[in-house]
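Colleague: Could you walk me through a few spots in this model? I'd like to ask as we go.

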Amino acid sequence: MPSDSIPLVRQIAQGDRDWVAETLVLEWTSTSVARLGELVEAAGLPGYLATLGGRRVGLVLVDVKDRAYEVVAIGTTEPRRGIGRALMGRCAAEARARGCRRVWLVTTNNNLAAIGFYQRLGMDLCALHRHAVHVSRKLKPTIPVRDATGVRIDHELEFELLLEA
Ligand SMILES: CC(C)(COP(=O)(O)OP(=O)(O)OC[C@H]1O[C@@H](n2cnc3c(N)ncnc32)[C@H](O)[C@@H]1OP(=O)(O)O)[C@@H](O)C(=O)NCCC(=O)NCCS
């Protein structure tokens, strides 16, 4: 019986793709991610899936270009149980193994959980793309103007983890 307290991480398999697409739609309204003036179709990207006690509880989807390892989407259905940390740990290990010089990602100004989480994992805020969400919203009109707490979603924050050569 798999443990219900320690998340297991494995590569996303073909049989997980429906769950990945459903999870993206639930969390981000569609399978595409808009950031930095570009719409990225995330459902087919490679990545990792986390399970707890045999159930799927988290995913991370990535894109690697020019020795830069982008975390395009990360999420868990059971926050604060170490699932995000386990997924990001696997990404950092893969990025190192592939000779990448940085792991990077973009989040938005309202996402305080993500901002805390990335910094706790040692990532650094490396760019503030002021009002970039206005452009992203043109590409993906389902991005709400305000989040569930009423905070305006306006800016994109870029975080990075630099890897040693
Ligand atoms: C952001 C997210 C992926 C974090 O995953 P998680 O599994 O809850 O994070 P973990 O339990 O692995 O936490 C790792 C560390 O991050 C910190 N952290 C996690 N959530 C946090 C929060 N809400 N506020 C501040 N710090 C937080 C914890 O302090 C933890 O450190 P610890 O191990 O010393 O306690 C998760 O909250 C999530 O899925 N959010 C919704 C989707 C989302 O916004 N994704 C990011 C889009 S850019």
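Colleague: Is Leu36 buried, exposed or partly exposed?

Modeller: Leu36 is partly exposed, with a relative accessible area of 31%, where buried means under 20% relative accessible area, exposed means over 50%, and partly exposed is in between, using a 1.4 Å probe and protein chains only. Please keep in mind that this is a predicted model, in which local features need pLDDT of at least 70 and side-chain atom pairs count only at pLDDT 80 or more, while totals for chains, interfaces and linings use all residues. Residues are numbered from 1 along each chain as its sequence is written, and side-chain values use heavy atoms, with hydrogens and water left out.

Colleague: Where does Leu36 sit?

Modeller: Leu36 is in the loop between β2 (32–35) and β3 (38–41), where strands (E, at least two residues) and helices (H or I, at least four) are DSSP runs numbered from the N terminus. Its phi is positive, about 50°, although Leu36 is not a glycine.

Colleague: And what is phi like at His131?

Modeller: His131 is also a residue other than glycine, and its phi is positive, near 65°. His131 lies in the loop between β8 (124–129) and α4, and it is partly exposed, with a relative accessible area of 35%.

Colleague: Let's change topic to helix α3. Which of its residues are buried?

Modeller: In α3, which covers residues 112–120, the buried ones are Ala114, Ile115 and Tyr118. Seen down the helix axis, these buried residues fall within an arc of 100°, so they line one face of α3; the arc is that of the directions from the helix axis to the C-beta atoms.

Colleague: Why would residues a few places apart point the same way?

Modeller: An α-helix has 3.6 residues a turn, so residues three or four places apart point the same way.

Colleague: What do the buried residues of α3 pack against, and what is on the face turned away?

Modeller: The buried residues pack against β6 (68–76), β7 (102–108) and β9 (156–162), with contact meaning heavy atoms within 4.5 Å. The face turned away from the buried side carries the exposed residues Leu112, Ala113 and Arg120. Just after the helix, Gly122 takes a positive phi of about 90°.

Colleague: How many aromatic pairs are there?

Modeller: The structure holds 2 aromatic pairs, where rings of Phe, Tyr and Trp (its six-membered ring) pair if their centres lie within 6.5 Å, and planes under 30 degrees apart count as stacked, over 60 as edge-to-face and the rest as tilted. In one of them, the rings of Phe117 and Tyr118 have centres 5.3 Å apart and planes at 55°, so that pair is tilted. The rings of Tyr118 and Phe159 have centres 5.8 Å apart and planes at 45°, so this pair is tilted as well. Tyr118 lies in helix α3 and Phe159 in strand β9, so the pair ties together parts that are 41 residues apart in sequence.
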